[in-house]
Each structure stands twice: as structure tokens, then as C-alpha cells.
Amino acid sequence: MDLSFFLDILIGGLIMGGLYALIAVGLSLQYGVARVLNVSHGEFIMLGAFATYSLYSLIGLNPILSLVVSGPAVFLIGFFIHNTLFKRLRKLSPSIEAFEGSSLLASFGLLFIIQNIALLFYGPDIRGYTYLDNMVDFFGSINAANRLVALLAAVVIGLVFYLFLFRARLGKAIRAAAQDVTTAQLMGVNIYWVLGLCFGLGALLAGLAGSLTSMMFEITPFMGLPYTIIAIIAVVLGGLGNILGSLIGGLILGLIGNIVMYIHPGLSLIAYYLIFLLLLLIKPTGILGK
Amino acid sequence: MNDKVKYSRLTACIALLVFLVGIPMASFAQTKDKIRFGTAIALSGPYAPGAKMTQTTVYDMWVSDVNAKGGIYLKSIDKRLPVELITYDDKSDVGTSVKLVEKLILEDKVDMVLAPWGTAANVAVGSIVNKYEYPFVLISCSSEKLREMIHTMPYCVAILNQPRDQGHDLVELLKEFGIKKVAIIYVADLHGIEFAGYTAPQLGIDGIEVSILKSYPLGVKDLSPILKQIKAAKVDALIGFSYPPDTWLITEQAKVLQLNPKVVYLSVGVAHPPYKYKFGAQTIEGVMGPGAWSLKTPYPGVRDFAERYTKRYNSEPDWWGGIITYSALQVYQQAIEKVGSLDHKKIANVFQTETFPTMMGPVKFVDGFNIQFPGNIGQWQKGNFEVIMPKDKRTAAPEFPKPPWPK
């Protein structure tokens, strides 16, 4: 086994793992802080993908530059949805458990609404564009330039997000709300503003991930659900409510999936679910769960 | 009970009586003024992209074409009746297709049912319409399993070329090129499994080495591990029995890896215009796929159909199924005109016995299956999807070897 083979597995795993980590952290923010298990998470990925696709085909905007547009746009949509739908549900719910149940159902309805709006607007046709589909040779490991760019972007986004969470004041407020909503409120955190922000940030990460995937995979209004499922697995794997845990969960899924690909491609899907089952048997609260 | 209540109750009863008796009598008095076609097809869900491209757009275009000429002529009433199409969304769910088709038959009382999209849906709907004795043409249905079932569905006929037609021609083509060593990868779904199950052993019988035979799951996101193995194995031909997402993935990753065998044959999606729109004609030059028909297919109306379709939908038609769907509709129309009425038994009989001159050539059903096709395999050459198999249907000589992927 030489260096290039090892790098193949590592880089390939990190590319998918990086994407899954972005998506999982987004979902984890929404569930861990705003307590919404958002099954329409994948639809925000789809919106990001369509935004980048539209900008690329209409005005030729570089997909990486389009992140600056797609991210904030999807953030605003997420923030708006939280403030109109989930905030109201939360205020009406007698308990946090009741809210978790009703918000799950509401997000289920949201899935169909967003999907069908996209369907009305774009039609069901399968779309795609090519961007940077050339070879990059890194110490013998050959990868597509667009995939390496996606990995780099995921790392940068992750770093920026980490700095925000641990250095910015708003980030502190989010971490406080994640630990204990009531105490955070007592400490002067404007809680509904922070919850909306978290939901919006989760959507933003999904939108950015969608923009990145649009460089590599097909785009349809129905592309979102498989990503939602992976995000849920990664979030549970890492420990419900633990943001770092979901990042690790996403990376593990990407890496293991890639390793299994080398053994037999047909087994990779089975591998995901096996990891999931094994972990739940050994440590049901997840890797970093309490 | 005071008079006012009594009076209003009486009025209500009379009104109800008039409504219950009058309306049916009125419709009985109405003569038939249109021919109703109905379909339950994927307008949403994962099958929607394929359904729109191959069928729904063609259905709508055919209805406009027929009505522009005044409709279909019925000898029995000496009248030309316009066609109406009711389309329901089955949400890419076979159970929903079946339920909606029953609704079309029992409630909407359609005269004819048009096929949904996909093998499973076609077979399920075919069984149901057969039960209600509706003549039916299966369109986007390709599976050797159908051969076992069709004799239980005497009202149904299948117009599309089947795995044994396309698989056979693929093997013949590889033999013609003198291919010695192939790699086969296939999606772990009925389509991939059936095609791989036919082709791999057949190649072995013909002395061609299948050095790699691997499946991959639906929705796979990275096939570079297996493609790297295939590159190292230095095969003459890469064969992929794939669905559009994987067809795109294999194309992109083979290009990145500069995996350049002499033949690249991928499956569903190659003949579809989005493939050309995503990659561009130069990248896909020489890629082969199942199909097939082209502008040069020598039957009346082909070029006109392609041009009108492109103008109406701002996209080229599907070079795999476009004229197949239109030809199926021509079969319905010709059968109705031949019988002179909408008698289901007579039309079903005509399906099984007559030959229909259509855009895809003379359609004739033997034991329920069409026996003649405009092509089985096509190849992208300079932005056109040319028919390269069977030999007697070639619209261009096959390009061999495939030029290397552009860097």
C-alpha cells in the first residue's frame, strides 16, 4: 500500500465527510439550540444548489463566488421561516417536548412546500453544469479540482464558523442558549432572536453545502431528502445536541463510506447503517452525547 | 310544524328530485363530444425528470397535434372528435399510479389509459387496466420479467425494445470492434442487475474477458475507487448499466481520471439532452448508450417532430424514448380509426393483429412485444446522437475508438 493509495482514501473520505459535516452541523444547530428536528433540511441544500446553478447559467457567476449570494439568501429564508412558523409554535407549545413533536411535523410539511415551490419554478428536469472537472495530482492521488475546492471551502466555512462560535459575542450567546435556554435568558440573551439566528445559520450551512454539491452532482427539486437522512444519522452518531459531535459524525460517515468503497462499492450504504446500529448499541447517546 | 317550514321542505325535496333525476337524464341526452384519455404519471418525485422528458411532454404535444386536425375520426358516428387528456400526478409512487388509474377508469370514465413512467409502474398499471379490459400500450417498460407476465395481460402490448434486444446488440458491437477485455459496473437495481445478468455471461460465451464486474448502490456519490481499478486493469471497454445520476458521475470521474478505454457505453441518461447540456458535445464525443433514434431515422414525421418539440419545449427531444412515446400514441389513434369506434375488445384485438406505420417504423406486436425498432444503441457524434446498432439501422458509422476525454 503506497502513499497515493492512502491519500486516495483519505482525501476522498474527507471530501464527502466535509460536506456531510457541514450539513450535519447545520442540522445540529437547528436541533441542538432551536430544538427543531428539521426534516426539510435537505430542501435548503436544494435551494442553495439551484441558486448557484441559476447564477452560473444566467450570468456566468463563478460557483465559489456565488456562495456569497446563496448563503445569505438561504439564511434569510431560514430566519424568516423560524420567526413566522417555529417561534409561534414554540410560544403555543405547553412544553419543550410538545414543541419538538409539533415542529417536526411542521418541518415535514415545510419539506413538501419548499420542494413543490422549486418544482413549480424550475420544473422536474435534471440539471447540472461543469466547473473545474479537471485532474489534480497530489502526490500520486488523483482528484477532481471541483471536489478539492469543495473540501477547501468546507474547511474554511468550518473554521469561520468555529471562530464565530468561540470568539464572537453572538457565538457565546448561541453556546449559552445551547447549554440552557432559561439561564441564558436570565443572563440577558434575547432568546428568540438567538433561536432564529441558529435556525437561519443552520439553513445557511445547508445552502452553502448545496452550492458546493451543485458543482459535482445532479440538481433536481427532489435532491434534498437523501442528504437529510445522512444529516440525521450524523447528528445522532455524534450525539444529539452536540455540534462538535455532528461534525465528527459527518466526517466518520464520509471516511468510512469511502474506505468501504474500495473494498466493494455495493457495501457502502450498508456500512453507513451498520455503523449507526453498532454505535447505538454500544453508546446510544452518540459519540459526544451525554 | 308551521307552514313556512313545510313549504321550504317541499321545495327542497322537489329540487333534490329534479337534481337526482334530471342531471343523469341530461347527460344521457348529451352525445359523445370528445375522446377522453387519462394518465397517472410522475409529475413530482424522483421519476418526474424522466417522465417529463420521455412522456408527458410528448403526450401534450400529441394532443395538440391531433386536435389541430380536428381530432380522431370515428366511423361509427361519422364524426371527428377532439381528444382530451386528464393527467394526474402519481408522485413517483407505483401504489398511487394504480389507485389513480382506477379513479380514471371508474370515476372519470376515460376511454383510454396512457402509460405511466418506469418499468414497475407500467407493469402494475398494465395489470389493472387489463382487469378492466382497456387496451393499453406499455411504453417506458424494459424488463425480461415482462415476457413471463404478458400472456396474462391480453389487452396489453409493449412497444419498447427490451434488454435482450439491446444486450444482444451491445455484445455484437463489441465483437465487431474486436474487444477482448471489458469492465462492467452496474447500479444495484433491477435495470442494472438484469442487463449485467444478461451481458456478462454472453460476453464470456463469446470469448470476451469480463475482468471487472461490480455493482454500486443507488445514489452513490463517488465511483473513483472502482474507476481507478478499471484504469489500472487496462480494459478495452467500460460498460456501465447506470441511471442518470450515476451516468453523469461516471462520465465526470472517468474524465478527471483520464480513463480512456476504446469504448465507453453507459446506460440510462446518455441519450437524454440534459447529458449534452451538462457536459457539452465535445466531452461526450464517442460515448455510447441505449436508444435509439436520430433526425436521420427514415420514417415520416420524425424530423418534423424533433423540430416542433425543440421549439415548443426549448430542449431537444429524448433520443431514447421521444418517438417511441409518439408512436405509441399513433398506435392508439390508428387502432381507433381502424375499428371506427371506442370498442375496447376490438381495439385490443387490432393491437395484437395489425401492423402500424409510425414514426419509429412499422410497429407490429408479436406475443405482445413490438418486433421492430429504429435503433438499439446510439453514439454521440459531433453533438448528434447517431444510431449505430443494429447494423441495418445505422445512421452513421460507429466512431471507434472513442476519442480521449478532453483535458
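The largest nonpolar core in this predicted model has 123 residues, and those with the most contacts inside it are Val137(B), Ile159(B) and Val182(B). Helix H12 of chain B, residues 322-339, gives the most to this core, with 10 residues. Because domain 1 (35-162 + 299-370) and domain 2 (164-295 + 376-393) of chain B both give residues to this core, it lies between them. In soluble globular proteins, nonpolar side chains tend to be buried together.

**Cores**

- Leaving aside residues up to four places away in sequence, Ile159(B) touches Val137(B), Leu138(B), Ile139(B), Ile324(B), Ser327(B), Ala328(B), Val363(B) and Asn370(B).
- Apart from the core of 123 residues lies another core, of 80 residues, which includes Ile15(A), Ile81(A), Leu110(A) and Ala173(A).

**Contact between the chains**

- Where chains A and B meet, 31 residues of chain B are in contact with 29 residues of chain A.
- On the side of chain B that touches chain A, at least two residues each are supplied by helix H2 (48-68), strand E9 (209-216), helix H8 (224-233), helix H9 (244-257) and helix H10 (273-279) of chain B.
- The largest share of that side of chain B comes from H9(B), which provides 7 residues.
- By residue class, the side of chain B that touches chain A divides into 17 nonpolar, 6 polar and 8 charged residues.

**Fold and dimensions of chain A**

- Chain A has 11 helices and 2 strands, and from the N terminus on its elements follow the order α-α-α-α-β-β-α-α-α-α-α-α-α.
- A compact globule of 290 residues would have a radius of gyration near 19 Å, and chain A, which has 19 Å, therefore agrees with that expectation.
- The C-alpha trace of chain A spans about 55 × 50 × 35 Å along its principal axes.
- Of the 290 residues of chain A, 51% count as buried.
- Among the contacts in chain A with a separation of 6 or more, 77% are accounted for by residues 24 or more positions apart.

**Confidence in chain A**

- The mean pLDDT of chain A is 91, with 99% of its residues reaching 70 or more.
- Within chain A, confidence is highest in helix H2 (residues 41-59) of chain A, at a mean of 96, and lowest in helix H7 (residues 181-186) of chain A, at a mean of 82.

Notes:
Residues numbered from 1 in each chain as written. Chains lettered and ligands numbered in written order. Contact = placed C-beta atoms within 7 Å. Helix = DSSP H or I, 4+ residues; strand = E, 2+ residues; numbered from the N terminus. Nonpolar A, V, L, I, M, F, W, Y, C, P; charged D, E, K, R; others polar. pLDDT = per-residue confidence, 0-100. Rg over C-alpha atoms; globule rule 2.2 N^0.38 Å. Buried ≥ 20, exposed ≤ 12 C-beta atoms within 10 Å, placed from the backbone. Core = buried A, V, L, I, M, F, W, Y, C linked by C-beta atoms within 7 Å. Domains from an automatic or database assignment.
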